[in-house]
Structures are given as structure tokens and as C-alpha cells.
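Here is a short report on a structure with two chains to look over. Please have the sequence and the 3D view ready as you read.

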Protein chains: 2
Amino acid sequence: MKNIEGGICAVKGIRANGVKQGKNGIAIMVADARQLSSSGVFTRNKVIAAPLIITREALSKGELKAIIANSGCANAFTGKKGIQDAKWMAGLLSKKLECSPDEIGVASTGVIGRYLDKQWLAGHLDEVCDHISSSKEASAACARAIMTTDTTMKEVAVELNNGVRIAGIAKGSGMIEPNMGTMLAFLFTDACLSKKALDVCLKKAVDKSFNMVVVDGDTSTNDMALITATGYSECDEKTFQDGLDHVCISLAKMIAKDGEGATRLIEARVSGARSEADARAAAKTIVRSPLVKTAIYGKDPNWGRVVAAAGYSGAEVDQDRISLKFSGNNKEAVLVDSGKIIEGKLDELKSIMESREILIEVDIGLGENSATAWGCDLTYDYVKINAMYTT
Amino acid sequence: MKNIEGGICAVKGIRANGVKQGKNGIAIMVADARQLSSSGVFTRNKVIAAPLIITREALSKGELKAIIANSGCANAFTGKKGIQDAKWMAGLLSKKLECSPDEIGVASTGVIGRYLDKQWLAGHLDEVCDHISSSKEASAACARAIMTTDTTMKEVAVELNNGVRIAGIAKGSGMIEPNMGTMLAFLFTDACLSKKALDVCLKKAVDKSFNMVVVDGDTSTNDMALITATGYSECDEKTFQDGLDHVCISLAKMIAKDGEGATRLIEARVSGARSEADARAAAKTIVRSPLVKTAIYGKDPNWGRVVAAAGYSGAEVDQDRISLKFSGNNKEAVLVDSGKIIEGKLDELKSIMESREILIEVDIGLGENSATAWGCDLTYDYVKINAMYTT
């Protein structure tokens, strides 16, 4: 497997474009397939946004030939009018592409409880559609168009050893604690896979990647990951799964690193858990803890907060068996070994905390299960960004 | 029921004192009872601090004649040495009082993963013990001695209509999401109640008060609430429960209001839930949401975040039935009525957000159950305080 250029347009059959103007943006992705199949996962928030409802419905009826996404307004908690507006978005693109609205996926991100700015969307659609292409610039324009508080564009493309390509773009920076679904992620491959196989592979990949990212612990109303396969290349499921995992984990780490106001990427690896659920809970709780996140921001060697987080995560934990290690900047510090505090390590830990990427390894010492979660530090800028989001 | 002066020393039979010096502090509370009974609730964090282990054991054997608490070091995640140190604290006070160490409750608060400063504690015990008294100044000194990042002392005393008194002191400002137990709260009454009755009343009161406060969502390793009854006055359980609820809710609100860096108290009242568990989950999730908390800090009328929080709280929710109201500064704004957005209310909401106390009412519209939770806004100062806690 190797990383390649070109973003989602590196995948045979995919064309895209996007435009961003202030807070508003439109992104369009179109698949010209040999054999089309598509799948999606959606937020578990019970307040689910209108575009997710109609996209889930479309996926239950058939495949998605194209996707239209807007930024600036989440079209969430907007009732029947919201559903009509999401259908209107699908209709807008289906007319252009001369296909059925049921073949269009719709996604939105932005403020909750506001109606779509239809005038702005209608006014800019032609501009986007007229320049859809398979260039790498088009993929980048598309990735940029879905950004909100993101500071970096998030795109990944890989070529597997058998020549199959998998690529994706994503957005996400705040309101990030995906649960089953995720922030917005649009994945593409030229592999030829059944809808059923895509469903299985996407769920597995999302569980290992987007569902293990926490920025602030708020699960969005609009989380969604969609995958479209254009069917040009044969690929066995195992090889495909490895590639898709890689793409999703790469995008997930980009999201964690670009968390609102973040200055550091935190990776929490939990091993030795009694069950996989325990490992996942402990890892996510560590990266979710405001106290761990602020300590890392302040380079405060307050490692006790990591142990406390594991303790309240719900995972089975015996404090006499826990081991804890921090790494970063090519250094490592073992702070606890099977429940025993290793003293005299605080200076080493402080120096590790200078690193932009900090790895926290917790061995629970009770079993064979492990999991990894990603997060970021909690900073003044997170507060600033979110104290003034709609104004 | 009326509020009275004097803190915990307003309760017949209670004497106290405390000293605070920099980060370190010792507090002593002694009960001279006609008929002593005591009860406690403890953190659900699986990493549980040493003093809680020995206090729980003492309560299983009998009653607590006195309590010794220190601030500056949590004596948590300190293994066998921590247990020895906590027993040493109990021994120190039991020698002074000429009673058994099993009659002493021990509590600690401060940094996790550090050993107690025994020299400091031993060096200051006499100073505290020699001036134990039943004055209101003694209660205040005791309440101040347990403070860490708290900016205000937290004490409440009430006299019920039948003359019975109930009083308590508490500390807590960060690492606040009590689960079953709570931050440190020491409650006293002159009522004559069995241990069993105290157990029941304390659990009920804690569930309605401390367990409904969230500052940051981190459950401490050291949460504990203890109650001591000196048995001088007869009191029926119903009257006592009402009084104890009032004292605990008052202390809980003080903790929320004094959350680290907080500028605003948030009260979330959820009604119309299918179950009590749903109502509690929704209320706590709203006050826990970093996005709700930052919006309130920034006076940003971004009410959609409240609805999103209710949606991911795990409570059963139908977005077409939710109603939402904000109040504060003697104004109110109905933003959603049975799923319908009421437009043109954002200016009113902005003005409500100027208030120091903001009430958020969510009617889920599905049932008859309700719950109230308290929290605070998330500010630059929360980040500052926690980025530099141990240094």
C-alpha cells in the first residue's frame, strides 16, 4: 500500500468540485461507475439532521451516483421544512445530472436549528457543476468546501499492492465524538465490491477510526460517512479492508489533530483489557477527559488524571495492575508499573509534553484486548472558537 | 425550614477547626453525640483513593466519632503505602481524641499519584486540635481548610420547623462529575435517626443534588459524602429528608457556581421524559456539553447545541415533540415549541445570556418524568487552572 496524490479524484470514475465563500460552501462528488455500489453510516444522536434522513432512505432504495454537501448550515432540528429543503438539494443536483433524486446523497454541516440558505445554494450550484473534473485541484476544492472551523483540508488517497485505489475527504473539528457514524467523510474506491461487502467493511473501518476520535465529547446531529465504489478493479475483501482502515484512520487522526483550538495530537493505546468494549471505553475516556486534555495543553506532568479517567471509564480496572507510559519526541517515560509509581520521572514527562504528538499507553493488566483512540488538547482557543460560533 | 448561621457548628454536639497553608490544609470535625449514627457514599471510580477505602471499612464496623480531611494531596493511586498513610492519619487523630482509629473518617483531596506530606500534617495537627470549638469561625476554618481550586467556601445550615438542624460543608470545583458518591461533603444533624434511615436519606439526597452536578465530566477518585447524626432531637424521616435535600442541593449549586473558571451557573430542567433515568441523562448531558458550556460563556445564542446534547444523551427523544425555553434576568425566551422553531427570539436569548444564572428548560414531550442538573460555563480560566495544576 502506498499514499498517492489526487485526493478522491485519484479514484477512477470520480469527479468533484466545490466552492467556499465565507461560512457557506457547496461540494459536489459524482461517480461514473462500471458497477456502482455505496454504503453509509450515520450518527446515533436521536436528533438526526434532515439530510441524513433522506440519504439513509436513498441508500435503502439503491446506490448513490452523486453527493451534494453544504457547509454553513447543518439543516438539523428543522422539522418538515428541513426534510423538504434536503430533498430540494437532491433535486437541484439530480436535474443537473439527469438522474433520479434517489441517486443523490445529501450532507450538511454548520449551525443547528437554522434553515438552509437556498438562495445562496441555488445561486452557486452552476458555478460548481460547470467545473466538475477529475483533477487533484477539484478534489481539494471539494474538501475545502465542506470545512467549517477546520483549519486544514483533510484528504487521503492510497493505492493498494493490487492496484486498487481508495480515497476519502473528511471535515470535522468540533462537536466531535462520533458514535457509529461520524463527522462528514466521503470515501471512494474503484474496487468492485457488493453493497453488502461495502457495508461490512465500512462499519469495521469506522469503528476503528472515526468512532475512536474525540474532540469535545459532543456527538453531532450530522455525522455521516459515505462510501462509493465504482467497480473498475477486482479486490479481495481482506486487502480492501486493510486499505480502507488505513484511509479512515489517517482521516480520523487528521480530524483529531485539527480539533478546534488544538495544539497537540493525543493517541491513547489501551491494552490488557478484559474485553474489547473495555479497551475502547478506557481509550476514549482518556482522550475525552477535559483534565487530561488541559494538562497536556499546559505540559503539566499530571499523569494521575489518566489513571483517574481509566477508572471512571466503565472498564474493569484493578489499580494494582495498571501500567502507564508516555512517549513523544523520541523519548518515553514509564510512570507506573503494575500499580507501582516509578518516581523521579516528572522531568522526563515534562520534556515529552513538548512534543506535538503524545502517545499514552495504558496496560490494564487484566486481559488480551486493546484499542486506540485519538484526541487533542483543550485550549483557550477551543473556548474562543465555541464561545462565538454563531455570531 | 429556615437558613441559619454557624455552618456545621450550628448542629448540637459538633466541634470543628481547620488550617490552610498554601496548597496544604487539615480539617477536623468531632461529634459529641447523645446517640451517634453515621453513613457515607463514595465515588464509583474504580480507581478509588486510600482514605475512601479505610473510611468505608470504618463505617461497616460502626460509627464515625470524628473526621480528619486534608487538602493538597488526594492520596489516590498510592497503593499499599497510601492505605498505610490513610490509617496513619486516622491514628493521629484517634490518639488525640482517645478513641479507636476505627471511629475516624479520613478524606483527602488534591493531586493524584503523590504520597501524603506526613511531616506537614503531623506538624500542624496540634495547632488545629488545640482550637477545636463550636463557633461559627471554627466551621468556616474547617470549610476553608478543604478547599483546593475552590474560590468560595461552601457551608449551609438549616433549622427545620420541628427545631432539628442539618448542616454541611463541601469542597469541589474541578474533576466534578460525581457518580453515586461526590466531591467532599461533610453533613451533620442533631436528629436522632438509625444508621439505616441515614443510609437511605443520604443516598436519596445525594442522587438529587451532588450526583446532578457536572463541572467537567471527570469523576474523581476521591468523591465522598459523609453524614453524622448526634441524636439530640427527634425527627420523622420525611421532614428530615426534605431538610437534607435542601442542604445537599444548596451545596451542590454552590459547587456548580464555583466550578473552575466559571462565570455562570447553568440549571437544566428536563421534563416530559419517558423515565427518570432518561430525564437525569438528558439534564446531565446538557450541563456536561462543552459546546453548550462555551456558548453560554460567550453569550452565543446557539440553542441548537442544547437540543443536540439531549439527542445524544441516551434518553428517548422525538425531535418533533421537544420544547425548549431559556430564562434569566427575569426574562424568558421560548425557542422551540413541540419541535417547531419559534423565530425572532435570538435577541431576547442574547439578553438572557447576560444573566449570571441561566435556566434551560427542555420538555421532551414523551412522558411524566423530570430531573434537574447544575453546571457552569467553560471558560479560558478553566483551561488555565487545569493546564497548570501541579506546577
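A residue is called buried if 20 or more other C-beta atoms lie within 10 Å of its own, exposed if 12 or fewer, and partly exposed in between, with C-beta atoms placed from the backbone. This is a predicted model, where local features need pLDDT of at least 70, side-chain atom pairs count only at pLDDT 80 or more, and totals for chains, interfaces and linings use all residues. Residues are numbered from 1 along each chain as its sequence is written, while chains are lettered from A and ligands numbered from 1 in the order in which they are written.

Helices (H or I, at least four residues) and strands (E, at least two) are DSSP runs, numbered from the N terminus.

| Residue | Phi | Loop between |
|---|---|---|
| A:N330 | about 60 degrees | β13 (323-328) and β14 (331-337) of chain A |
| B:E98 | about 50 degrees | α2 (79-97) and β6 (104-111) of chain B |

A:N330 has a positive phi without being a glycine, and B:E98 is likewise a non-glycine with positive phi. A:N330 is exposed because it has 7 C-beta neighbours inside 10 Å. B:E98 counts as exposed because 6 other C-beta atoms lie within 10 Å.

Now for the two chains together.
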